[in-house]
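Welcome! Please take a look at the protein shown here, and then we will walk through some of its details together.

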Amino acid sequence: MKEHKENHTVDHIRSIVMIVIGAVIAAYGLEAVLIPNDVVDGGVTGIGMMGAYLFGVPLGVLLFVLNIPFVYLGYKQVGKTFAIRSTIGIAALSVSTSLLHHVETILGREDPLLIVLAGGILLGVGIGVVLRNGGALDGSEVLAILVSRNIPFSVGDVILFINAFIFVGASFIYGLEGALYSAITYYIAKNVIDIIQVGLEKSKSVRVVSPKSDLIGEAIQARLGRSVTYMQGRGGFSNESTEILNCVINRMEETKLLSIIRDIDEGAFVVISDVSEVRGGNFRKRDIH
């Protein structure tokens with residue numbers, strides 16, 4: 001039991017370290033590539049960049065303040081672990097942008113193609129690393145997930161809609177050319193994130209085979225707020241009856257789900273697959289505290 005707790009602590013620390021590294025990579029992409037060349041990101045980060053440009057407020061301060069409400073929503077809807085890791089990631093991003101504010105620009109305005117490529121890749125890698133380790137750097141992702149539950153559009157559609165307004169606003173501040181470069185950078189970053197971490201619009205189907213499936217199911221419902229379904233199965237080699245647990249989650253809940261399963265049965269057989277669309281049933285989760 002003690003060894004299990006130690007392993008869990010090591011995994012948690014490793015995730016936090018990776019989140020900080022991802023935040024620093026994203027901050028470097030902002031300060032060394034995008035901001036000096038008047039190219040903005042999407043989401044809350046993009047709003048913060050435009051606010052810093054217009055009002056002279058440090059970007060790090062705006063990023064932290066603007067994301068606070070979304071971290072709270074993430075705590076209510078995803079859980080404490082996600083909220084803590086997101087807070088760490090956002091704080092690391094805010095501090096890193098302040099520390100790197102005067103870093104030397106690696107690309108000049110004469111290289112617009114390299115600007116959008118380098119900026120998009122750095123942002124995508126940084127954000128993807130954070131997402132893969134159970135956190136988030138931008139509150140628009142959390143907002144999009146919550147909004148999509150009440151309208152007939154996917155999370156990806158909602159994010160695209162939000163960013164459309166941001167890039168239109170960028171066209172008034174940086175000009176049409178700057179807004180187009182911003183949109184291309186966002187597109188590149190999104191595809192890089194998809195390579196590192198499954199896209200936001202895809203849910204995940206989870207299948208768990210364990211002699212402790214009842215305990216795992218109760219924990220998932222209590223700690224994650226997700227409904228579970230049980231099925232009867234039979235082992236091919238053992239010929240013994242077994243119970244199979246099924247659950248559908250969004251991609252930000254994967255790390256928390258795996259942690260729940262490991263806490264109860266480290267030897268559980270777990271299969272996670274991508275789901276392109278979920279309709280009907282009881283996929284809407286309840287609030288957790």
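Is Tyr 53 buried, partly exposed or exposed? Tyr 53 is partly exposed, its relative accessible area being 47%. Here buried stands for under 20% relative accessible area, exposed for over 50%, and partly exposed for what falls in between (1.4 Å probe, protein chains only).

## About the model

This is a predicted model, in which local features need pLDDT of at least 70, side-chain atom pairs count only at pLDDT 80 or more, and totals for chains, interfaces and linings use all residues. Residues are numbered from 1 along each chain as its sequence is written, and side-chain values use heavy atoms, with hydrogens and water left out.

## A pair of rings

The structure holds 3 aromatic pairs. To pair, rings of Phe, Tyr and Trp (its six-membered ring) need centres within 6.5 Å; planes under 30 degrees apart are called stacked, over 60 edge-to-face, and the rest tilted. The ring centres of Tyr 53 and Tyr 174 are 4.9 Å apart and their planes stand at 55 degrees, so this pair is tilted.

Tyr 53 belongs to helix α2 (residues 43-55) and Tyr 174 to helix α7 (residues 155-174), so the pair ties together parts that are 121 residues apart in sequence. Helices (H or I, at least four residues) and strands (E, at least two) are DSSP runs, numbered from the N terminus. While Tyr 53 is partly exposed, Tyr 174 is buried, with a relative accessible area of 17%.

## Salt bridges

Side chains of opposite charge can pair when their charged atoms come close. A search of the whole structure finds 4 salt bridges, each being a side-chain nitrogen of Lys or Arg within 4 Å of a carboxyl oxygen of Asp or Glu. One of them joins Arg 14 and Asp 11 (2.4 Å, N to O). Both residues sit in helix α1 (residues 2-34), 3 residues apart, which is about one turn of the helix. Arg 14 is partly exposed at 47% relative accessibility, and Asp 11 is partly exposed at 24%.

Another salt bridge links the side chains of Lys 204 and Glu 254 (3.5 Å, N to O). Lys 204 lies in strand β1 (residues 203-209) and Glu 254 in helix α10 (residues 254-264), so this pair ties together parts that are 50 residues apart in sequence. Both Lys 204 and Glu 254 are buried. Helix α10 also holds Asp 263, which pairs with Arg 223 of helix α9 (residues 213-224), so parts 40 residues apart in sequence are tied together. The closest N and O atoms of Asp 263 and Arg 223 are 3.6 Å apart. Asp 263 is partly exposed at 32%, as is Arg 223 at 34%.

## A cavity and its lining

How many cavities of 30 Å³ or more does a search of the whole structure find? There are 4. On a 1 Å grid over the protein atoms alone, a cavity is a set of points where a 1.4 Å probe fits but cannot get out, and lining residues have an atom within 4 Å of a point. Grid points are joined across faces, edges and corners, and a volume is the space filled by probe spheres set on the points.

The second largest cavity has a volume of about 50 Å³. The elements giving two or more residues to its lining are α3 (59-77), α4 (80-99) and α6 (139-148). Among the lining residues are Phe 70, Phe 82 and Asp 138.

## A buried serine

Ser 94 is in helix α4 and is buried, with a relative accessible area of 7%.

Methods:
On a 1 Å grid over the protein atoms alone, a cavity is a set of points where a 1.4 Å probe fits but cannot get out, and a pocket is an open set with protein on both sides within 12 Å along at least five of seven lines; lining residues have an atom within 4 Å of a point.
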